[in-house]
Amino acid sequence: MSAPRDVSQRDLRMRSKEIMDAVEAGDSFTVTRDGRGIGQLVPLRPRRTFVSRAEFVRGSVPAPLIDAEKFRSDQDRAYDGTLSDPYA
């Protein structure tokens with residue numbers, strides 16, 4: 001992604017379709033009012049809803065190994081497992 005380009009509030013209002021199309025295509029803009037930046041228009045990152053098992057395994061390779069029993073015992077010490085009703 002390139003550096004954001006400046007676009008005045010007036011330009012944004014007058015050329016909104018053109019600017020929004022550019023944002024959708026990956027461009028970023030800094031919106032200005034009276035010559036000073038007041039906000040940014042940046043494209044949203046696409047949401048990923050699925051990670052394959054193979055991808056998960058590849059991503060987990062650099063993760064450190066942990067002792068599962070010690071991890072669970074640390075959790076038990078840090079978390080009070082009693083349930084309570086906040087509305088009671």
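Thr32 counts as buried because its relative accessibility is 11%, where buried means under 20% relative accessible area, exposed over 50% and partly exposed in between, with a 1.4 Å probe and protein chains only. Thr32 belongs to strand β2, residues 29-33. The model is predicted: local features need pLDDT of at least 70, side-chain atom pairs count only at pLDDT 80 or more, and totals for chains, interfaces and linings use all residues. Residues are numbered from 1 along each chain as its sequence is written, and side-chain values use heavy atoms, with hydrogens and water left out.

**Surroundings of Thr32**

- Leaving aside residues up to four places away in sequence, Thr32 touches Asp6, Val7, Ser8, Gln9, Gly37 and Ile38; a contact means heavy atoms within 4.5 Å.
- Strand β2 is largely enclosed by the rest of the structure, because four of its five residues are buried.

**Strand pairing**

- Strand β1 (residues 5-8) runs parallel to β2 and is joined to it by four bridges; two strands pair if DSSP finds at least two bridges between them.
- Ser8 has Thr32 in β2 as its bridge partner.
- On pairing with strand β3 (residues 36-41), β2 forms five bridges in the antiparallel sense.
- Within that pairing, Gln40 in β3 stands opposite Thr30.
- The hairpin of β2 and β3 has two residues between the strands, and Asp34 takes a positive phi near 55° there.
- In a regular strand, side chains alternate between the two faces of the sheet.

**Chain architecture**

- The chain contains four helices and three strands; helices (H or I, at least four residues) and strands (E, at least two) are DSSP runs, numbered from the N terminus.
- Their order along the sequence is β-α-α-β-β-α-α.
- Of the contacts with a separation of 6 or more, 30% are between residues 24 or more positions apart.

**Overall dimensions and surface**

- The radius of gyration of the chain is 24 Å, whereas a compact globule of 88 residues would have one near 12 Å; the radius is taken over C-alpha atoms, and the globule rule is 2.2 Å times the number of residues to the power 0.38.
- Along the principal axes, the C-alpha atoms fill a box of roughly 60 × 45 × 20 Å.
- Buried residues make up 12% of the 88 residues.

**Charge**

- There are 15 positive and 14 negative side chains, and the centres of the two sets lie 6 Å apart.
- Lys and Arg count as positive and Asp and Glu as negative, while His and the chain ends are not counted; each charge is placed at NZ of Lys, CZ of Arg, CG of Asp or CD of Glu.
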